[in-house]
Amino acid sequence: MSYAKFVASLIRANLGNINKIRISPSTCLSTVASPKSSQEEKEQQLDGCTVVQAEPLELISQTKDARKVYLDNIQIDFDNTEEAYKSKGNLELLRSLLVFHLCSVDFLVDKNKEVSSVKCIQPSMGEHLKYREGRCYSWCCVFQLMELTKNLLGQRVFEKLMKMTFYGQFVAGEDHNSIKPLIQKNQSFGVGAVLDYSVEEDLTQEEAEKKEMDSCVSEAEKESPGTDHREKKYKAHRQFGDRRGGVISARTYFYADEAKCDNQMETFINCIKASGGASSDGFSAIKMTALGRPQFLLQFSEVLVKWRQFFHFLAAQQGKSDMSALEKILELEQLKENLAQLGVGAKDDIENWFTGEKLGSSGTIDLLDWNSLITDTTKISNLLMVPNVETGQLEPLLSTFTAEEESQMKRMLQRVDILAKHAVENGVRLMVDAEQTYFQPAISRLTLEMQRKFNREKPVIFNTYQCYLKEAYDNVTLDVELSRREGWYFGAKLVRGAYMYQERARAQEIGYEDPINPDYEATNRMYHKCLEYVLEEIEHNRKANVMVATHNEDTVKFTLEKMNEMSLSPVENKVYFGQLLGMCDQISFPLGQAGFPVYKYVPYGPVNEVIPYLSRRAQENRGFMKGSQRERSLLWKELRRRLVGGQVFYRPVY
Ligand SMILES: Cc1cc2nc3c(=O)[nH]c(=O)nc-3n(C[C@H](O)[C@H](O)[C@H](O)COP(=O)(O)OP(=O)(O)OC[C@H]3O[C@@H](n4cnc5c(N)ncnc54)[C@H](O)[C@@H]3O)c2cc1C
């Protein structure tokens with residue numbers, strides 16, 4: 001069976017088989033809520049500079065009436081430490097200070113360097129990944145240091161120590177019961193939660209590499225390596241097989257077998273159910289790599305990218321190379337002639353591709369029309385050949401699979417579909433996290449197929465766009481345009497991107513173009529450009545929704561400014577904000593207090609099993625992110641204010 005045929009048949013899923021996947025009782029909980037605190041204040045003046053003018057109102061989902069509730073001028077003071085840390089006792093402030101300080105201590109960093117020089121897990125990732133400004137940034141080193149501490153202190157003391165420090169700061173608790181108090185407390189201060197079960201397998205580098213190679217190489221490839229015309233980028237490479245290296249803000253799944261994927265699906269289902277139980281507008285996050293064999297994501301990504309490259313190649317033949325992706329509108333007759341000249345498919349086939357209801361009637365074809373061919377089995381040949389745009393040689397676009405591989409892929413799509421259905425049933429919105437660029441085209445396309453199906457009445461499925469990518473704007477605009485054309489609700493989470501060092505090192509070593517913007521400023525410009533585009537879309541048709549997922553205060557302020565200009569009210573529930581637990585409370589809590597829908601990604605899991613996650617939090621806070629220095633100074637400011645004001649035993653009231 002060909003790829004296109006296979007994907008198409010699954011996307012129009014015959015879900016008769018889906019019930020066969022076993023779903024066991026809950027093992028975890030996710031809860032997301034957005035009720036606002038009763039303590040919200042309409043206006044507050046502090047230190048001569050605070051103005052929180054936003055009216056705290058009950059959030060309203062998808063109602064047209066909400067459009068009338070404009071706020072004249074939303075301004076939030078992110079220096080207002082009293083507001084920001086209202087939910088925190090003094091001991092919690094001290095813990096935050098201690099943890100952020102430890103993250104920046106040179107002794108620890110140097111210790112990590114020592115550890116790394118003895119046994120650094122990812123030597124192949126290149127110096128620029130491991131060291132930045134002379135410091136070690138490989139997560140594994142922090143991980144090793146934590147392991148070392150555990151061995152020295154013993155399990156019990158280590159756990160206690162972790163709970164008083166890193167774990168207490170960044171993780172909500174061990175299981176769904178123990179996290180409840182924290183979730184409820186945040187909720188009463190206007191901050192919801194996206195639960196994130198953060199347990200990672202404790203694999204050695206060798207085990208991770210083996211799992212990756214076993215799960216990313218097809219049987220056909222194993223039998224005759226090198227004959228498949230696969231691009232280097234979309235192949236697994238042992239030296240980058242351990243995908244945990246050079247990553248921040250994300251946990252990593254490795255494929256073991258189908259039963260494990262079913263278990264991971266159950267975890268997600270339980271999170272969705274719990275989210276639904278906790279509020280009427282909850283979110284749950286999922287990762288596609290947890291749900292099946294990554295080989296499928298790699299190969300499907302390659303097909304999608306090659307197909308898109310082929311369109312650009314054909315556009316260049318019509319003299320349209322310098323336009324943006326959406327502006328390239330090709331003359332159909334000329335396109336057919338070019339395809340015939342290239343020897344791509346039989347003449348009748350080519351004619352048939354463009355005879356559908358939508359395609360061909362206008363006499364032109366754009367990239368969205370072109371993309372729609374990839375799933376349409378009735379119109380595309382199973383043996384489609386496309387020219388390699390570099391060599392000019394015709395190459396087969398699609399691969400074949402063994403029966404077992406086919407069934408594995410089918411189950412992956414079924415799992416995704418099951419999760420979407422649970423989200424609908426539980427009134428929860430599902431956020432699909434973005435991952436590495438060699439998986440992401442497929443992840444994004446599958447998410448889009450879910451949006452087509454489940455976002456008809458309201459936005460249920462949210463895609464994630466990584467603005468550190470050079471192609472981010474094209475990705476966002478194409479998907480928004482598609483949603484407009486087909487009439488479904490666009491839902492997006494905008495992030496800068498978590499895999500920069502890994503992506504750069506891989507591109508450099510394997511030998512393909514770096515997919516990341518050249519510098520931080522370019523990523524910032526890209527983020528704001530994408531965000532502005534989506535906000536304008538919301539302004540015009542109110543069908544789009546966006547989560548501004550960032551710790552960057554400038555970006556949050558930029559969003560508020562644009563919302564003011566466009567008269568977008570927070571109570572419309574179209575623009576959300578997202579931060580990670582334990583980070584940037586000075587952004588999340590003032591937003592929540594002012595009535596904006598704001599959510600924390602809330603990790604949870606047993607101490608030992610979230611160490612990999614914690615080590616990355618430590619790494620991320622080591623001055624890596626622009627905001628961490630500022631957070632420390634605000635924490636000091638608030639602690640001083642309380643002590644001077646006699647609030648030595650301050651306890652949050654809620
Ligand atoms: C709620 C939430 C959900 C998230 N979900 C995802 C997800 O699904 N997928 C994902 O990939 N990430 C995700 N992230 C992580 C996110 O992509 C960022 O890594 C992280 O938030 C830091 O970016 P920032 O905007 O918060 O902070 P900033 O400090 O403003 O930005 C740091 C980011 O800028 C970019 N950058 C830094 N230096 C350069 C450079 N020299 N050149 C180009 N770009 C550069 C990198 O992306 C880096 O992570 C999520 C983050 C949050 C808060």
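**Figure 1. The end of helix α21 in the predicted model.** Helix α21 is followed by Arg-542, a residue with a positive phi near 60°. The structure shown is a predicted model.

**Figure 2. Helix α22 and its surroundings.** Helix α22 is formed by the 13 residues 553-565. From its first C-alpha to its last, α22 reaches 18 Å, close to the 18 Å expected at 1.5 Å a residue. At the start of the helix, a side-chain oxygen of Asn-552 comes to within 2.9 Å of the backbone nitrogen of Asp-554. After the helix comes Ser-567, whose phi is positive, near 55°. The buried residues of α22 are Glu-553, Thr-555, Val-556, Phe-558, Thr-559, Leu-560, Lys-562, Met-563 and Asn-564. These buried residues pack against helices α21, α23 (585-593) and α25 (628-644), and also against strands β12 (545-549) and β13 (575-580).

**Figure 3. The largest nonpolar core.** In soluble globular proteins, nonpolar side chains tend to be buried together. The largest nonpolar core of this model has 107 residues. Leu-339, Phe-354, Trp-370, Phe-577 and Leu-591 are the residues with the most contacts inside this core. Helix α13 (residues 294-317) contributes 12 residues, the largest share of the core. At least three residues of the core come from domain 1 (3-55 + 300-401), and at least three come from domain 2 (172-294 + 404-629).

Figure 4. When residues up to four places away in sequence are not counted, Trp-370 touches Trp-307, Phe-310, Phe-311, Leu-314, Leu-335, Leu-339, Phe-354 and Ile-365.

**Figure 5. Tyr-599 in strand β14.** Tyr-599 is found in strand β14, which covers residues 598-604. Tyr-599 counts as buried because its relative accessibility is 0%, and the cut-off for buried is under 20%. Phe-577 is 22 residues away from Tyr-599 in sequence, and the C-alpha atoms of the two residues are 6.2 Å apart in space. The side chains of Tyr-599 and Arg-429 are joined by a polar contact of 3.4 Å.

**Figure 6. Arg-429 in strand β9.** Arg-429 lies in strand β9, which covers residues 428-432. With a relative accessibility of 9%, Arg-429 therefore counts as buried. Its side chain makes the 3.4 Å polar contact with the side chain of Tyr-599. Leaving aside neighbours within four places in sequence, Arg-429 is in contact with Asp-281, Gly-282, Phe-283, Ser-284, Pro-459, Val-460, Phe-462, Tyr-576 and Tyr-599.

**Figure 7. The protein chain as the setting of the close-up views.** The protein chain contains 25 helices and 14 strands. It has 654 residues, of which 61% count as buried. Among contacts between residues at least 6 apart in sequence, 80% join residues at least 24 apart. The chain exposes about 25800 Å², and carbon and sulfur atoms supply 52% of this area.

Conventions:
Residues numbered from 1 in each chain as written. Predicted model: local features only at pLDDT ≥ 70, side-chain atom pairs only at ≥ 80, totals over all residues. Heavy atoms only, no water. Helix = DSSP H or I, 4+ residues; strand = E, 2+ residues; numbered from the N terminus. Buried < 20%, exposed > 50% of the residue type's maximum accessible area, 1.4 Å probe, protein only. Contact = heavy atoms within 4.5 Å. Areas by Shrake-Rupley, 256 points an atom, 1.4 Å probe, with all protein chains shown as cover. Core = buried A, V, L, I, M, F, W, Y, C linked by side-chain atoms within 4.5 Å. Domains from an automatic or database assignment. Polar contact = N/O pair within 3.5 Å; in protein donor to acceptor, adjacent residues only side chain to side chain. Expected span 1.5 Å × (residues − 1).
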